[in-house]
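The report that follows takes up cavities, a residue in a loop and a sheet, in that order. Please read it with the sequence and the model side by side.

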Amino acid sequence: MARQDVDAITGTETTGHEWDGIKELNTPLPKWWLYVFYVTIVWAIIYSILYPAWPSLSGYTRGLLGYSSRAEFNQRMAALDAERAVWREKINNSSLEQIANDPDLLTIAIAGGRVVFANNCAPCHGTNAVGRPGGFPALGDDDWLWGGSLEAIHTTIEHGIRNTTDADARLSQMPAYGEGLLDRNQIAAVAQHVLFLGGHGADDATGAAIFADNCAACHGELGKGNHELGAPNLTDQIWLYGNDKNAIIQQITHPKQGVMPAWQGRLSETEIKQAAIYVHSLGGGE
Amino acid sequence: MTSAEPSAPAIDASPAVPTLPTRRRPPPKAPTGGDGPAPGDTGRLYAEHIKVQPRSVQGFWRRIKWWVLTVLLGLYYLAPWLRWDRGPGAPDQALLVDMPGRRAYFFGIEIWPQEVYYLTGLLILGAIGLFLVTALFGRVWCGFTCPQTVWTDLFMWVERKIEGDRNARIRLDKGPLTFDKAWKKVTKHLAWLLIALATGGAWIMYFNDAPTVVREFFTGQASTAVYGFIGLFTMTTYVLAGWAREQVCIYMCPWPRFQGAMFDEDSFIVTYEEWRGEPRAPARKGEAVAAGKGDCVDCGMCWQVCPTGVDIRKGQQMACIGCALCVDACNSVMARFGRPPELITYDSINNQLARARGDSTRTRLLRVRTIAYVALLAVVASVMVFTLATRSRLEVNVLPDRQPLFVKLSDGSYRNGYTLKILNMARETKTFLLATEGLPGSEITVTGIQAQPSTSVELTVSPDDVGTFRVFVKAPPTSLAGERTDFHFVLTDLATRQMLNHATIFNGP
């Protein structure tokens, strides 16, 4: 076997091997190091008895202390819920105006409303309420069909629009003028007048007359809209179904009318209030 | 380690054959040496712990060590009690790291988490300073200022006061368990635990208000974290300074292992003048040096006073922490024998070689290495001082909305949303005027503050706080340059009229 020299300076033995003249001292480890190592082994055994440790074929050893990170999570969620109950009470008992005027409540309502919106409203209205093609309005602009005040938004969320489940759902019906009420030329004339009202193009006298007879009742004489009937403002720059003449003709002929579910019963009172505050805070609230 | 024994043979570590009737014991073998098995033995895997019982010593270096210990421990225990008034609602402790509040305080300087690089700078300064000192004076960190050394020194002093000096302690350990022995041991450990508790407590006081946490600790009101950390540091101080002692230096600490890279031949280190001391021979007081013998009388004082139990006569070794107590011990013996002092001395290797040859010596403190360290220190320190002196107490972050990028409004104009965060690092409420620049015709609304669009809005931020604002900027389509228009937010401090520009973008169709 290799020769184990004793190093002259330290008196320690070498390992006995040599690599190109380089030798390695075999300095013994201290005994306390070994005892600490034994302690860690004992600790590991105790740990695996007390805590979940070993997988079995279909489960795992639970440990005598019955600890589980899932149970700890549930406890923390329960504690968090208890903390949130304080704010929940305050929001439930305050009016929308009061919430909007209290900076702390406002912050909490917006934060909660953002989550409610993302989980419930975003599928139709888009992330952060940018809107979606097909008639799902963007809620951040200042154009509202049914009103953009806090109360109006709250009512819209609570009862929905044109749904069959809520007795108080907002309801309005635009007649399908293309099905026997007006002929194609008349509709085209009206469309031209609508464009004129918005400042795009010349007026059409026939169209103006038909508009005054048929459309003004809901959309107003100058086409400014009516929040109570959900009749859009026809003179602004925001169009749900398209702003070129053909799109307008199409909408007059076979009008598309949006349906929104009623959230009363699906969301708690707190959540609806928070959602209303959030939508109002997006920048277009009145 | 540099093995600078030029012409001397390998040291013979066996004890000198006594020619005088003495009851001296042979020197115990230091833990790093002489403990190995004899050649041919299969060898023990693990070394027995040999308890080091240092003897007390008086002298110049011992006095220096006591001074350094007093100053350092005094600073450590008393600094948290210093007060500094920062105004109402702010902590009044001069040195404080406020973890929940995310602030660090050093007298008049307040550091936010974004400024943690000042701590990095301090650590770099500490490291370079340590390299410099070690290149100049050897292991002065280990021997004089290292917390392990300082607290072990203190604990050994307590042990000496209670159990007596080295010989008394050895006798006590070997003797039977009497009431006297038990009482001494218990008192010693209690004293150690008390000191350890004060040490752990002082640590906590750097992170909590000192008077408050002391009161809470003793009335049981402190948090679990406080009790936990005090318990942890008490235990580690007690175990490391009371029980482990030199085992930390020899086995646990990385610093001894790269000391070799820190010295050069001109660094001042604790050396034994082998050319003068060997061959060693015991002598009588007043006796002249016998012919062919060295100055070393093999009294054993040098290894008896060593806190790590090494024999410096074997030369530079990892376990020698450079505390220079052996210098004091040998000097006192040399004085008694009327021989020249500094047989063990603080000297450089070059000087030792020169002295051995009889040449003159020189002290070379200015070397490329030391000058480079000093230059680095100067550069880092001045960068830190400069950035600290010129740092702004106000910062603005603008986060433009990504969803939606822009909103078309009913009058045809476009609107972008931004989250504005104003970091007010001063200790007073600040009011700012927010306006835009580079976007003609634009108007601003801020949720909760300004509902009507306007060209400028007043924003108020509380002291030492971050103000978060939802800002909407509306711009006519004629001001936009396509999909992306660059413009600035301008923030004017109403009190100082200081203006802050922040570039941002306006997204369009």
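## Terms and basis

Helices (H or I, at least four residues) and strands (E, at least two) are DSSP runs, numbered from the N terminus. This is a predicted model, in which local features need pLDDT of at least 70 and side-chain atom pairs count only at pLDDT 80 or more, while totals for chains, interfaces and linings use all residues. Residues are numbered from 1 along each chain as its sequence is written, chains are lettered from A and ligands numbered from 1 in the order in which they are written, and side-chain values use heavy atoms, with hydrogens and water left out.

## Cavities

Across the whole structure, 7 cavities of 30 Å³ or more are found; a cavity is a set of points, on a 1 Å grid over the protein atoms alone, where a 1.4 Å probe fits but cannot get out, and its lining residues have an atom within 4 Å of a point. Grid points are joined across faces, edges and corners, and a volume is the space filled by probe spheres set on the points.

The largest cavity holds about 110 Å³, and among its 14 lining residues B:Cys296, B:Cys299, B:Cys302, B:Cys330 and B:Leu343 lie nearest the centre. Helix 12 and helix 13 (325-337) of chain B are the elements that give two or more residues to this lining, and helix 13 of chain B gives the most, with 3 residues. By class, the lining of the largest cavity has 11 nonpolar, 1 polar and 2 charged residues, where Ala, Val, Leu, Ile, Met, Phe, Trp, Tyr, Cys and Pro count as nonpolar, Asp, Glu, Lys and Arg as charged, and the others, Gly among them, as polar. The second largest cavity, of about 90 Å³, has a lining of 12 nonpolar, 1 polar and no charged residues.

## A buried loop residue

B:Val297 lies in the loop between helix 11 (274-277) and helix 12 (301-305) of chain B. The residue is buried, with a relative accessible area of 6% (buried means under 20%, exposed over 50%, partly exposed in between, with a 1.4 Å probe and protein chains only).

Leaving aside residues up to four places away in sequence, B:Val297 touches B:Ala281, B:Pro282, B:Ala283, B:Val333, B:Phe337 and B:Arg339, contact meaning heavy atoms within 4.5 Å. B:Pro282 is 15 residues away along the chain, yet its C-alpha atom is separated from that of B:Val297 by 4.3 Å.

## An antiparallel sheet

In chain B, 4 strands form an open sheet in the order 13-10-15-16, with antiparallel pairing; two strands pair if DSSP finds at least two bridges between them. Strand 13 (456-461) and strand 16 (499-507) of chain B are the edge strands, each pairing on one side only. Strand 15 (residues 484-493) of chain B pairs with strand 16 of chain B over 9 bridges, and B:Asp486 has B:Ile505 of strand 16 as its bridge partner.

Technical notes
1 Å grid on protein atoms, 1.4 Å probe; cavity = no way out; pocket = protein on both sides within 12 Å on 5 of 7 lines; lining within 4 Å.
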